[in-house]
Amino acid sequence: MNPSTNSGLKKVFIKTFGCAQNTADSERIKAYYWDKGFEEVDDWKKADEVVINTCVIRETAENRVYGLINNINLYDPKIKIVVTGCLVGVYDKKGKIKQLEKKIPEVNEFLPIEKVSFEWEPLRDKKKAALIPISSGCNNFCSYCIVPFSRGKEISRPMEEILKEVDRAIENGFKDVVLVGQNVNSYGADLSLSDSQMSDKTVVNMGKKRFRSMFHVLLEEVAKKNLEKVSFVSSNPWDFSDELIEVIAKYENIDRLLHLPFQSGDDRVLKNMNRSYTKQEYLDLVGKIKQKVKGVKFSTDIIIGFPGEDEAAFENTVDVCKKVGFDIAYINKYSPRKGTVSAKIYENDIPMSEKKRRWKVLNDLVNLK
Ligand code: 5AD
Ligand code: SF4
């Protein structure tokens with residue numbers, strides 16, 4: 001029992017690992033538990049029930065989940081452990097949740113995140129921007145990435161529903177919003193598929209045939225509202241259309257810090273990553289955005305030590321960093337994830353010591369400059 005409160009309500013502690021999407025999901029989980037008659041506590045040791053919203057993007061993230069489960073169980077096996085998020089997604093989508101039950105028998109319940117639907121109005125962190133999920137899942141299948149397996153195919157929320165959620169956030173006093181999805185700028189490609197009115201349904205961007213995105217339409221609708229800042233994460237180079245650049249340029253309340261992951265600056269590595277652009281195409285896109293959007297800055301995601309990344313390939317990544325002049329880079333050491341193409345077909349051949357060296361080179365160049 002928590003000695004600091006005596007409300008008689010059951011107590012839940014929610015631990016969130018991973019990205020903005022998980023943070024947004026946890027805000028709905030909070031509402032879901034509120035509805036079930038729980039109050040939130042700030043320490044898992046005081047809780048009757050601990051919900052762990054998991055991330056599996058890299059092995060280190062996954063191991064932190066197992067570590068926490070172990071600690072809770074050692075401290076007090078009576079605390080109910082509920083696991084949700086991407087770890088559950090990976091096993092559930094394969095129909096193999098039984099395997100996960102065997103792997104972590106200390107867990108009392110596996111909660112597929114889809115059960116905590118958008119019917120629950122998120123209980124948001126008032127000190128931060130309102131996170132608004134616009135889509136979930138990803139169809140890109142970058143060869144290293146587990147997201148298409150944990151989150152499934154990309155599904156866009158209806159635009160009306162998103163705009164209403166933005167309105168409610170504004171009514172609740174929020175001035176800043178972040179539109180969240182694994183691949184925000186392909187938003188609506190699945191909706192336009194079902195829209196027979198749309199004559200021109202496909203478009204070729206950077207060598208990839210894509211269904212037309214409606215992200216620029218959504219972004220403009222949101223930017224027109226009474227908001228100080230509208231941000232979005234995460235976008236992909238091949239879905240960064242000219243219409244989108246125009247909308248960003250037109251509305252000053254759209255965040256001038258754009259997050260645009262490039263992962264690698266080497267054409268051969270990019271191809272093996274199943275990312276459809278070249279180094280030059282990425283640089284050209286950045287150049288075009290810089291020209292059209294005054295004061296724009298960039299942040300990015302990079303993977304170092306992808307299989308076969310030799311010194312010359314790494315130098316190409318360094319070169320992109322020098323040319324773009326990113327404000328922030330999230331630098332990730334390659335970690336093979338079970339079930340992904342790169343884990344199946346390539347050897348994880350760059351030693352950890354070399355990954356650490358490359359990480360430091362980029363971190364010094366971009367983040368500590
Ligand atoms: N190993 C290392 N980093 C990865 N990312 C995704 N999958 C892996 C992996 N297997 C990184 C990418 C992505 C970010 C969210 O995580 O840089 O943009
Ligand atoms: Fe993963 Fe690529 Fe989709 Fe991003 S775009 S979530 S890296 S598959």
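Begin by selecting helix H14 (residues 352-367), which lies across strands S14 and S15 and runs at about 180° to S15. Helices (H or I, at least four residues) and strands (E, at least two) are DSSP runs, numbered from the N terminus. Contact means heavy atoms within 4.5 Å, while axes are lines fitted to C-alpha atoms, for helices over the stretch in contact, with angles running from 0 to 180 degrees between N-to-C directions.

The model is predicted: local features need pLDDT of at least 70, side-chain atom pairs count only at pLDDT 80 or more, and totals for chains, interfaces and linings use all residues. Residues are numbered from 1 along each chain as its sequence is written, chains are lettered from A and ligands numbered from 1 in the order in which they are written, and side-chain values use heavy atoms, with hydrogens and water left out.

Next, display S13, S14 and S15, an open sheet of 3 strands in the order S13-S14-S15 with parallel pairing. Its edge strands are S13 (257-259) and S15, each of which pairs on one side only. From one strand to the next, the twist averages 20°. S14 and S15 run parallel and are joined by 6 bridges; two strands pair if DSSP finds at least two bridges between them. Within this pair, select isoleucine 303, which stands opposite asparagine 332 in S15.

**Ligand 1**

A residue is near a molecule or strand if one of its heavy atoms lies within 4 Å of it.

Which distances separate an oxygen atom of ligand 1 from an N or O atom in the side chains of glutamine 263, aspartate 301 and asparagine 332? The distance is 2.7 Å for glutamine 263, 2.7 Å for aspartate 301 and 3.0 Å for asparagine 332. The protein covers 86% of the 400 Å² of accessible area that ligand 1 has on its own, as given by the Shrake-Rupley method with a 1.4 Å probe.

**Ligand 2**

Move to ligand 2, whose surrounding residues include Cys138, Cys142, Cys145, Tyr144 and Arg275. This shell divides into 7 nonpolar, 3 polar and 1 charged. Phenylalanine 141, also in the shell, is found in the loop between strand S7 (135-136) and helix H5 (147-150). Its phi is near 50°, a positive value in a residue other than glycine.

**A cis peptide bond**

Select valine 233 and serine 234: the peptide bond between them is cis, with omega near -5°. Serine 234 is found in the loop between strand S12 (229-233) and helix H9 (242-250). Most residues other than glycine have a negative phi, and most peptide bonds are trans.

Finally, display the open sheet of 5 strands, ordered S2-S1-S3-S4-S5 with parallel pairing. S2 (38-40) and S5 (109-111) are its edge strands, and the twist averages 30° from one strand to the next. S1 (residues 10-16) and S3 (residues 49-54) pair over 5 bridges, with threonine 16 opposite asparagine 53 in S3. Helix H2 (residues 59-75) lies across S1, S3 and S4, running at about 170° to S3.

Key. Polar contact = N/O pair within 3.5 Å; in protein donor to acceptor, adjacent residues only side chain to side chain. Nonpolar A, V, L, I, M, F, W, Y, C, P; charged D, E, K, R; others polar.
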